[in-house]
Amino acid sequence: MNVKQRTIQSEISISGIGLHTGKAVNMTIKPAPEFHWYKFKRVDLDGRPVVAVDADNVSDTSRGTTISQNGASISTIEHLMAALVGLQIDNVLIEIDGPEVPILDGSSRIFVEKLVEAGFIDQEADRDYYEIQDNIVYVEKDRKVEIIAMPLDGYRLTCMIDFNSPVLGSQHASISNITEFKGEISSSRTFCFLHELESLVNHNLIKGGDLSNAIVIVDKEVSKEELDKLSGLFNKTVEVASEGILDNIQLRYQNEPARHKLLDMIGDLALVGRPLKGHIMAARPGHAANAAFAKKIKAQMKKDKNRKNLKVYDPNMTPVYDTVQIMKILPHRQPMLMVDKILELSETHVVGLKNVTMNEDIFMGHFPEAPVFPGVLQIEAMAQTGGILVLNTVPDPENWLTLFLKIENARFKNQVTPGDTIIFSCELLEPIRRGIARMKGVGMVGDKVVSEAELMAQIVKVKGN
């Protein structure tokens, strides 16, 4: 049974202070139509600009995730995004009258409670999952960051953090299903190290921090004078607790920092723009790495979409032209005739077939011990297929030659070896003008793309005809 998209049943309002700006902000989360995903609307700005939650709109990841579009920005979006993903909500519009989502208690808990209170309503369309088909890997060697997405029918996340700190050390957190988010992850609060807190305070970068919305990890010896200074800054008496944190708050979980990193990751991966199916494993993730990984998933989504639009042809279908008929149109002959059949032909596209066999002359000298059909000859076969399309526009094609003027964006994606059958499809990118054609060509073996290129060709009349 297909799962339906869902939105919230009624709008909800949340007010609070932005952690970094210190500005009071009012936010109203409203139901939204199918395939809307998550969008913010800055109701305090002229024109009430909309900012879509999208990896392409990420503008800053230094102290949280900030997105910008249409001249507007929204920062620290990750905890709200995690709540929406964790509750499997697909579509909402978030109206906000300031530049930063309120920090509240530093976790997703209050967002989750408010959304649950509003209730959910199923929509007509099926949920638009993106299913990870092959491993997607992101690595930052200098920071020892590794993130991998693997195929899985579900959404499982595993996170490891290691700050090389005697207090924090290594921690792990995981959920085997996104339904565990509400109970296991949503209440985990953000954290920072004491030395970071002091720097942020000195640079006036946490105007909304009041020591009730963050775990402060004490990673150095602290004098009474320093503690007194912090107590004065935040108007709250603080000491160092036995767990190596400031005693402003108590840990909700022994591994709360790792759980919060997992929360951040869930929120940041909302930047993909669709709910995910897969197993995400991350070592030492952060907002910058999460956003970069989301972009990498989006790029793979685009590739998969293009692949879905490629038709797989039956090599045994009745051809439009066989080899004998092709030789009446093209001037090429063995061993340079690279097209065996034309399977489809119209005014704007052509589909040709090339059988790659071991007895071709090319394999005597090209990797004879490990025969691979050269990429340059794949492009030649693609060009000859395209030549049939161009010559199809003149009444006496045998009296014309196709000369190729340009080859751009050629890519070779998979090996072609003897025994393979390559199907080449070429489609006009624009109408033929003055005998010049621009085409996009794709070569496939089965359902795998092996090569692609953009070709420009011109037909010229054979001298003497």
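## Salt bridges at a glance

The structure holds 21 salt bridges, each one a side-chain nitrogen of Lys or Arg within 4 Å of a carboxyl oxygen of Asp or Glu. This is a predicted model, in which local features need pLDDT of at least 70, side-chain atom pairs count only at pLDDT 80 or more, and totals for chains, interfaces and linings use all residues. Residues are numbered from 1 along each chain as its sequence is written, and side-chain values use heavy atoms, leaving out hydrogens and water.

## A pair within one helix

Let us start with Glu113 and Arg109, whose closest N and O atoms are 3.1 Å apart in a salt bridge. Because they stand four residues apart in helix α2 (residues 109-118), about one helical turn separates them. Helices (H or I, at least four residues) and strands (E, at least two) are DSSP runs, numbered from the N terminus.

Glu113 is partly exposed at 42% relative accessible area, and Arg109 is partly exposed too, at 28%. Here buried means under 20% relative accessible area, exposed over 50%, and partly exposed in between (1.4 Å probe, protein chains only).

## Bridges between distant parts

Asp162 and Arg284 meet in a salt bridge of 3.8 Å, N to O. The pair links distant parts of the chain, 122 residues apart: Asp162 belongs to strand β14 (residues 155-162), while Arg284 lies in the loop between β18 (276-283) and α7 (287-308).

Another salt bridge, at 3.2 Å from N to O, joins Lys413 and Glu452. Lys413 sits in the loop between β21 (400-412) and β22 (421-428), and Glu452 in strand β24 (residues 448-461), 39 residues apart. Lys413 is partly exposed at 41%, whereas Glu452 is buried at 12%. Salt bridges with shared partners also join Asp105, Arg109, Glu113 and Arg252 into one network.

## Aromatic rings

Rings of Phe, Tyr and Trp (its six-membered ring) pair if their centres lie within 6.5 Å; planes under 30 degrees apart count as stacked, over 60 as edge-to-face and the rest as tilted. By this rule there are two aromatic pairs. Trp37 and Tyr38 are stacked, 4.0 Å centre to centre with 20° between the planes. The rings of Phe363 and Phe373 have centres 6.5 Å apart and planes at 50°, so this pair is tilted.

Trp37 is buried at 9%, as is Tyr38 at 1%. Phe363 is buried at 3%, and Phe373 at 2%.
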